[in-house]
Amino acid sequence: MSDYDLIIDPEFKRLLPELSEKEYSVLEESILSEGCRDALVLWGQIIVDGHNRYQICRSHGLPFRTEQRAFSSREEAIRWILLNQIGRRNLSPELFKYQIGKRYNVEKRLSAHNPRGKNQYSEVASDFLMQPRTTARLGRAGEIAREYNVSHFAVHTYKDIDFIIFLVTKTKAKTKPKYLPICILRACQFPIMVFIKLLFIPR
């Protein structure tokens, strides 16, 4: 497999903010004049970060560097993307909320696979113990809410949005939890345009 045969995973790409035509043009001009300075982050042959750089280099036949990341699952790869993107780029309000909800759901699945939380992303125990008791009682949602300065209720609303979008976009999804009506009620507090923008993120 050549350097130009890397895999673009639709789900991974959907988590990244889409560049405007002007932003893409500026990036393209920079790469054409200075080369691709930042390495593409890969998980095997799958691109985890650097989709736009890859497309530009591929279209112009330019070389690029790659950096491998060792993830044990798709959930870990998605979590890395979310942590890397939420604080790094100027996200739209819709994508910011979607990514927070996505992060909560991914971390919940990771915790289910590893109840003791022993993985490469685990927070040090001392940091957790120093958090206010109110945050600790609210669990992971409380921690994420504190990190992004949103409410605990907002985190649960955002994760419901992520779940509903999953059901809509995955027509064969079999997961229909008992709390689906609650998810819908919470999500209904959001303007319909939020869902439209998220549903039409390129896949």
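Terms first: helices (H or I, at least four residues) and strands (E, at least two) are DSSP runs, numbered from the N terminus. This is a predicted model, so local features need pLDDT of at least 70 and side-chain atom pairs count only at pLDDT 80 or more, while totals for chains, interfaces and linings use all residues. Residues are numbered from 1 along each chain as its sequence is written, and side-chain values use heavy atoms, with hydrogens and water left out.

Start with the loop between helix 8 (139–148) and helix 9 (152–169). Asn149 sits there. Asn149 is not a glycine, yet its phi is positive, about 60°. Is Asn149 buried or exposed? Here buried means under 20% relative accessible area, exposed means over 50%, and partly exposed lies in between (1.4 Å probe, protein chains only). With a relative accessible area of 73%, Asn149 is exposed.

Step back into helix 8. Ala141, Gly142, Glu143, Ile144, Ala145 and Tyr148 are buried there.

Step forward into helix 9. That helix holds His156. His156 has 15% relative accessibility, so it counts as buried. Its side chain makes a polar contact with the side chain of His152, at 3.2 Å. A polar contact is a pair of N or O atoms within 3.5 Å; within protein, one must be able to donate a hydrogen and the other to accept it, and residues adjacent in sequence count only if both atoms are side-chain atoms.

Now the strands. Two strands pair if DSSP finds at least two bridges between them. Strand 1 (residues 40–43) has two partners to look at. Strand 3 (residues 66–68) runs parallel to strand 1, joined by three bridges. In that pairing, Val41 faces Glu67. Strand 2 (residues 46–49) pairs with strand 1 in the antiparallel sense, also over three bridges. Leu42 stands opposite Ile47, and Trp43 stands opposite Ile46. The hairpin of strand 1 and strand 2 has two residues between the strands, and Gly44 takes a positive phi near 70° in it.

On to packing. A nonpolar core is a set of buried Ala, Val, Leu, Ile, Met, Phe, Trp, Tyr and Cys residues joined through side-chain atoms within 4.5 Å. Which residues of the largest core touch the most other members? Ile81 and Val155, out of 27 residues. Strand 2, helix 4 (74–86), helix 5 (93–113), helix 8 and helix 9 each give two or more residues to this core. Leaving out residues up to four places away in sequence, Ile81 touches Phe12, Leu15, Leu16 and Val48. Contact here means heavy atoms within 4.5 Å. There is a second, separate core of ten residues, and Leu6, Leu42, Ile47 and Tyr54 are among them.

Cys36 is in no disulfide, with the nearest cysteine sulfur, that of Cys57, 4.1 Å away. Cys36 is buried at 12% relative accessibility. Cys57 is buried as well, with a relative accessible area of 0%.

How values were computed: Disulfide = S-S within 2.5 Å.
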